[in-house]
Amino acid sequence: MSTTNDTSRRNFLKMSSLTAGGFILGFNWIGNQLKAAPVANAAMAGEIGFNSYLSISAEGIVTLYSPNPELGQNIITSFPMIVAEELDADWSKVKIEQAHLDTVKFDRQLTGGSGAVPHSWMKLRKAGATVRHMLIAAAAKQWNVPETECTTADSFVLHAASGKKASYGELAASAAMMPVPADVKLKDRKDFKLIGTAVRNVENNKIITGKPLFGLDFYREGMLHAMIQRPKAFGLKIKSVDAAAAKAMPGIVDVVTFGNNVAVVGKSTWEVMKARKVLKVEYEKDGNLESSADHNKLFLDLLDNGKPKQERKNGDVDTAFKNAAKTIKSEYQCPFLSHSPMEPMNFFAHVRPDGVELVGPTQTPAAARAATSKLLNIPEDKITVSITRLGGGFGRRLKFDYVVEAAELSSIIKAPVKVTWLKEDDMTGGSYRPAVRYRFEAALDAKGNMVGYKLRGVGINSGNPTRPDNFPSGAVDNLLIESVEHVSPITTGAWRAPITNFLAYAEQSFLDEVAFAAGKDPVQFRLDLLQKAKTNPAGEIKYDIDRMVGVIKLAAEKSGWGTKKNVSQGFSVYFSHRSYVAQVCEVVMDKGKPLVKKVYAASDCGQVVNLSGARQQVTGGIVDGYGHAMFGKLSFKDGETEQKNYNSYRLIRMKEIPEVETHFVDNGIDPTGLGEPALPPTGGAVANAIFKATGKRLRNQPFMDEELFSGKKVESVLKKEKIN
């Protein structure tokens with residue numbers, strides 16, 4: 001096969017024939033256009049910098065290399081579905097492989113922000129459609145018929161007039177010789193056969209049969225194992241280390257102190273875990289040893305006396321509140337949370353004279369490589385990162401501290417090493433969702449219209465704990481949103497649906513309070529505000545009013561909002577990460593306690609790619625949001641977490657999961673993401689339903705800390721408030 005070295009096109013797409021008779025088509029993840037330049041073989045494709053490739057073997061197997069790490073969001077199934085749809089491929093002959101880190105070939109090679117499918121949607125479609133066009137061209141030339149008379153189905157090119165038929169595998173080699181079209185026509189949505197259907201996760205069988213997919217499964221002959229002793233409290237540093245007893249333990253190779261860490265290195269995780277227990281490390285104070293009780297006092301002080309940063313202001317807020325017929329004021333607070341992924345943190349590193357090899361579960365392989373490069377002063381092109389499947393992450397693996405420490409340790413001991421954290425290590429010395437507190441105020445006129453709104457958010461290492469452009473911004477003429485940050489030695493980071501995971505609950509609960517004070521139905525109250533935003537907006541609006549209205553009405557319709565007896569319904573709706581989700585939660589009283597029975601969810605995430613995956617994302621988000629709202633709490637005393645493992649850090653249990661009914665808006669727009677948007681509204685829907693059932697507002701998480709769940713005072717509250 002001839003080779004074309006058109007350098008102007010290399011950065012877009014390249015194709016090569018394989019010795020087996022197939023061909024590889026590379027396509028660009030950075031640009032939006034597909035162009036091609038044939039090359040001699042797969043190896044050459046790599047050399048000249050393909051960003052990614054779709055391949056078809058002589059046997060007709062279609063392979064797509066996925067650049068994004070898979071942590072349960074199902075892109076390993078959704079990505080090939082998109083390609084296979086445009087390619088008209090037989091789904092049983094499509095597979096996907098995890099690509100290693102390559103920032104020349106790929107952009108946004110990370111998992112986070114619900115952005116993988118929205119980012120790659122058009123590129124994947126064009127890749128599939130382009131190959132389909134080339135296969136048709138090859139068949140038409142071979143049969144001497146017009147291309148327009150050829151069709152495709154189930155990995156075959158067909159010519160109805162002559163009855164001729166050829167498989168993609170048979171045509172692959174000749175198709176590789178066809179000119180690559182600069183642009184191709186994509187399918188009309190009405191012709192989708194695979195996209196929008198429910199397809200089983202392609203790795204299900206490997207997962208349930210225990211195939212080595214995860215970082216914890218990774219093994220390299222000759223590698224050492226290590227566990228690291230870190231300070232038990234934030235604000236401590238090492239004073240002295242006595243490693244004699246640990247070094248004398250069987251299987252221990254070395255004990256290494258670097259930074260604020262003491263690493264026990266040995267031949268197995270079991271041996272290093274036992275040796276770490278006899279390690280003697282003394283610490284001394286190196287900063288504030290903060291406690292949750294201190295944080296609570298700090299929040300109250302900062303809300304009253306802190307120097308806030310103005311995030312958004314519309315209208316004349318002071319006058320609106322001064323002239324209001326009624327004002328409402330409430331505060332909501334949430335604690336720190338641990339990510340607690342099922343797979344413990346771990347990473348393999350091998351620092352050699354000629355470069356560095358990194359292998360493991362990470363959401364940000366490029367950032368991990370960059371940090372390793374900076375730390376070890378080794379050029380990035382000398383560092384490789386192989387990405388394994390992630391056993392959960394929820395934002396924890398966006399940080400790369402555990403990757404860098406493995407690389408640093410390998411450079412010190414000059415050997416390949418795998419560093420493994422215990423659950424206790426991550427819960428006591430990891431990175432957490434920041435604790436925050438919000439103060440809301442609303443002003444109502446005589447007709448119950450909200451004419452003024454104020455929000456001040458205070459967070460610990462949270463940056464701006466507000467989302468100043470989210471609803472109801474734009475729907476209230478006089479609005480002020482401010483933030484205050486407290487800097488702490490406690491490490492924090494992104495936690496699933498950062499900030500909105502709690503802010504949505506607080507905002508939606510407060511809106512319920514305002515609707516109640518105005519004597520209005522909570523759903524109609526929100527619809528009225530959105531109508532106001534549409535007809536007479538207050539400042540810039542960055543959410544789509546029609547999409548939000550759509551999920552509100554769908555959730556209300558599917559749940560039979562306001563028409564059911566013997567259940568108490570709570571409503572919530574939120575926009576985050578480009579998508580919209582409304583939820584109705586149903587609560588019944590069980591032996592004096594409120595019990596969540598069912599949650600209805602209406603989601604607008606644009607085009608649903610895999611209905612099975614979409615349902616799982618929504619259901620998982622609701623279970624996650626509900627569980628943490630009910631039970632999640634990580635508290636501190638003298639800089640040390642009071643929860644060490646799952647025996648004291650309460651997570652939701654299988655028997656506590658409510659029924660979830662999912663619905664999706666079909667509005668014909670491209671996918672907008674779904675990994676995170678279903679979680680934020682859940683806490684608000686639950687809290688509002690519990691208020692409806694008990695008359696008790698839940699303004700602090702976790703809800704189980706409320707006396708309401710002791711089963712002692714619920715009946716008296718019901719009787720007093722005459723609600724339900």
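Author: This is a predicted model. An open sheet of five strands runs in the order β15-β25-β24-β23-β16, with mixed pairing.

Reader: What makes β15 and β16 the edge strands?

Author: Strands β15 (309-314) and β16 (326-334) each pair on one side only. Neighbouring strands of the sheet are turned by 10° against each other on average, with direction ignored.

Reader: Which helix packs on the sheet, and which strands are touched?

Author: Helix α9 (residues 292-305) does, touching β16, β23, β24 and β25 (478-486). The direction of α9 makes about 140° with that of β24.

Reader: How do you know that β23 and β24 are paired?

Author: Pairing requires at least two bridges between two strands. Nine bridges join β23 (residues 436-444) to β24 (residues 450-460), so the two strands count as paired. The strands run antiparallel. Within this pairing, Arg439 has Arg456 of β24 as its bridge partner, and Ala442 stands opposite Tyr453 in β24. The hairpin of β23 and β24 has five residues between the strands, and Gly448 takes a positive phi near 85° there.

Reader: What joins β16 and β23, and in which sense do they pair?

Author: Nine bridges join them, in the antiparallel sense. Across from Arg439 in β23 stands Glu331.

Reader: Why is β23 called mostly covered?

Author: Nine of the nine residues of β23 are buried, where buried means under 20% relative accessible area. Both faces are covered. Val436, Tyr438, Phe440, Ala442 and Leu444 are buried on one side, and Arg437, Arg439, Glu441 and Ala443 are buried on the other.

Reader: Now the aromatic rings. Why is the pair of Tyr432 and Phe636 called edge-to-face?

Author: Of the structure, 20 aromatic pairs can be listed. For Tyr432 and Phe636, the ring centres are 5.8 Å apart and the planes stand at 70°. A pair needs centres within 6.5 Å, and planes over 60 degrees apart count as edge-to-face; the pair of Tyr432 and Phe636 is therefore edge-to-face.

Reader: What makes this a link between distant parts of the chain?

Author: Tyr432 lies in strand β22 (residues 432-433) and Phe636 in strand β29 (residues 636-637), 204 residues apart. Both Tyr432 and Phe636 are buried.

Reader: Why is the pair of Phe502 and Tyr505 described as edge-to-face?

Author: Their ring centres are 5.1 Å apart and their planes stand at 65°, so the pair is edge-to-face. Phe502 and Tyr505 both lie in helix α14 (residues 500-518), three residues apart, about one turn of the helix.

Reader: How do you know whether Phe502 and Tyr505 are buried or exposed?

Author: The cut-off for buried is under 20% relative accessible area. Phe502 has 1% and is therefore buried. Tyr505 has 0% and is therefore buried.

Reader: Which aromatic cluster includes Phe502 and Tyr505?

Author: One cluster is formed by Tyr332, Tyr438, Phe440, Tyr453, Phe502, Tyr505, Phe510 and Phe703.

Reader: Where does the charged end of Lys165 sit?

Author: The charged end of Lys165 sits over the ring of Phe156, 4.4 Å from its centre. The charged end of Arg433 sits over the ring of Trp495, 5.5 Å from its centre. The distance limit for such a placement is within 6 Å of the ring centre.

Technical notes:
Residues numbered from 1 in each chain as written. Predicted model: local features only at pLDDT ≥ 70, side-chain atom pairs only at ≥ 80, totals over all residues. Heavy atoms only, no water. Helix = DSSP H or I, 4+ residues; strand = E, 2+ residues; numbered from the N terminus. Axes fitted to C-alpha atoms, helices over the stretch in contact; angles between N-to-C directions. Contact = heavy atoms within 4.5 Å. Buried < 20%, exposed > 50% of the residue type's maximum accessible area, 1.4 Å probe, protein only. Phe/Tyr/Trp six-rings, centres within 6.5 Å; stacked < 30°, edge-to-face > 60°. Lys NZ or Arg CZ within 6 Å of the ring centre and 35° of its normal.
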